[in-house]
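Dear colleague,

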Amino acid sequence: MLTAFIDRITGLLEALGIRHALAVQWLPHLSQAAHRYQIDASPRRLAAWLATIAHESARLARTVENLNYSAEGLARTWPSRYADMNGKPNALAQSIARKPATIACLTYANRMGNGPSETGDGWIYRGRGLIQITGRDNYDRSGDALGLDLILNPERLEDPYYAAMSAAEWWHRHGCNELADTGDMAAVTRRVNGGLTGLDDRLKLYSAALAHLGGK
């Protein structure tokens, strides 16, 4: 079954815009992760998961969150924090633009189990893995599930095996298999992202994956 799965998704990954070299690199890890967490049980599940991780990881090219935001990007992504009443970058956004560590520490402070900005938790536990595990609490839970100490070794989520496995474990633990069974990618996106960020791209990827798998 493992060989059949690998053969089946080789072309699929490339159809999602993933470079051939990356597709070859990630295939065994994606295969093991999807099988372990029952994601390969149906075309809808597999298509939704692959679409999600392809979007979150820039087509499997990134396993660490890119926080090198411009002031405009900060205002657009976190308007309640970094935009003025007119939607323009506020003074704080302008002062921290293009400073990834500072952005992470401020944006993720006192959230998701992180301490205040001065602890550096926001940067230490920034998004990693193919589904962008973020925050000290999430690192702790994923580490427990995978048998890793991710609090002391957060960079382990950058390893391809754990990047894929953590994405599948998180997906399974948060009920995304069941959501994917409904075919509602908006609901899946809300569960993963907390909103509808990147929904158009996710839908495009999902449609391409589902068509390749012969599902509906």
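This is a predicted model: local features need pLDDT of at least 70, side-chain atom pairs count only at pLDDT 80 or more; totals for chains, interfaces and linings use all residues.

In one of them, the ring centres of Tyr 69 and Trp 78 are 5.2 Å apart with the planes at 65°, and because edge-to-face requires an angle over 60 degrees, the pair is classed as edge-to-face. Trp 78 also forms an edge-to-face pair with Tyr 108, at 6.4 Å centre to centre and 85° between the planes. Since Trp 78 sits in the loop between helix H4 and helix H5, and Tyr 108 in the loop between helix H7 and helix H8, this pair ties together parts that are 30 residues apart in sequence. Both Trp 78 and Tyr 108 are buried, and Tyr 69 is buried as well. Ring pairs link Tyr 69, Trp 78, Tyr 82 and Tyr 108 into a cluster.

Turning to charges, the structure holds 6 salt bridges. Among them is the one between Asp 181 and Arg 45, at 2.9 Å from N to O, which links helix H11 to helix H3 across 136 residues; Asp 181 is partly exposed at 33% relative accessible area, whereas Arg 45, at 14%, counts as buried. Another joins Glu 56 and Arg 202 at 2.7 Å, N to O; Glu 56 lies in helix H3 and Arg 202 in helix H13, so parts 146 residues apart in sequence are tied together. Both Glu 56 and Arg 202 are buried.

Technical notes
Residues are numbered from 1 along each chain as its sequence is written. Side-chain values use heavy atoms; hydrogens and water are left out. Rings of Phe, Tyr and Trp (its six-membered ring) pair if their centres lie within 6.5 Å; planes under 30 degrees apart count as stacked, over 60 as edge-to-face and the rest as tilted. Buried means under 20% relative accessible area, exposed over 50%, partly exposed in between (1.4 Å probe, protein chains only). Helices (H or I, at least four residues) and strands (E, at least two) are DSSP runs, numbered from the N terminus. A salt bridge is a side-chain nitrogen of Lys or Arg within 4 Å of a carboxyl oxygen of Asp or Glu.
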